[in-house]
Amino acid sequence: MTGISTHVLDITNGRPLAGLQVELYDMATHPPTRLNNTRTNADGRTDAPVLAAKDARTGHFELRFHVGDHFKAADGLSDVVPVRFSIFDAAQHYHVPMLCAPWFFSTYRGS
């Protein structure tokens, strides 16, 4: 499997975050080009990769997680969390999970 995938977990309850808007942008263009706009399913994953294997390529990308729309907390820290990353080998799969709460977010390269 190649391309880009993600999933989102809500650390306040240890559950997948369903219905979260996730966008993928190509950062090589000015302004950046939106390649995908999707939402997470009940498992906190998107139904299809945010970048399909057939479209995999090297380059600089940004995932935008719209956490503020979900949490709507008065003490919330973030609205949209951008995660920029580079693909150096388009033959590899890039999985970019997001752990979040109204006042916290973290990501890593998953498998």
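A residue is called buried under 20% relative accessible area, exposed over 50%, and partly exposed in between (1.4 Å probe, protein chains only). Trp103, at 47% relative accessibility, therefore counts as partly exposed.

The structure is a predicted model, in which local features need pLDDT of at least 70 and side-chain atom pairs count only at pLDDT 80 or more, while totals for chains, interfaces and linings use all residues. Residues are numbered from 1 along each chain as its sequence is written, and side-chain values use heavy atoms, with hydrogens and water left out.

Select Trp103, in the loop between strand E9 (98-101) and E10. Helices (H or I, at least four residues) and strands (E, at least two) are DSSP runs, numbered from the N terminus.

**Next: Arg109**

Proceed to Arg109, in the segment after strand E10 (104-107). Its relative accessibility is 46%, so Arg109 counts as partly exposed. Which residues does Arg109 touch, not counting those up to four places away in sequence? They are Gln92, His93, Tyr94 and His95, where contact means heavy atoms within 4.5 Å. The side chains of Arg109 and Gln92 are joined by a polar contact of 2.9 Å, and the Arg109 side chain also reaches the backbone oxygen of His93 at 2.8 Å. A polar contact is a pair of N or O atoms within 3.5 Å; within protein, one must be able to donate a hydrogen and the other to accept it, and residues adjacent in sequence count only if both atoms are side-chain atoms.

**Then: Thr46**

Thr46 is found in the loop between strand E5 (33-39) and strand E6 (59-65). With a relative accessible area of 10%, Thr46 is buried. A polar atom of its side chain lies 2.6 Å from the backbone oxygen of Ala48.

Finally, select Phe65, one of the residues with the most contacts inside the largest nonpolar core, which has 21 residues. Such a core is a set of buried Ala, Val, Leu, Ile, Met, Phe, Trp, Tyr and Cys residues joined through side-chain atoms within 4.5 Å. Strand E7 (81-87) is among the elements giving two or more residues to this core.
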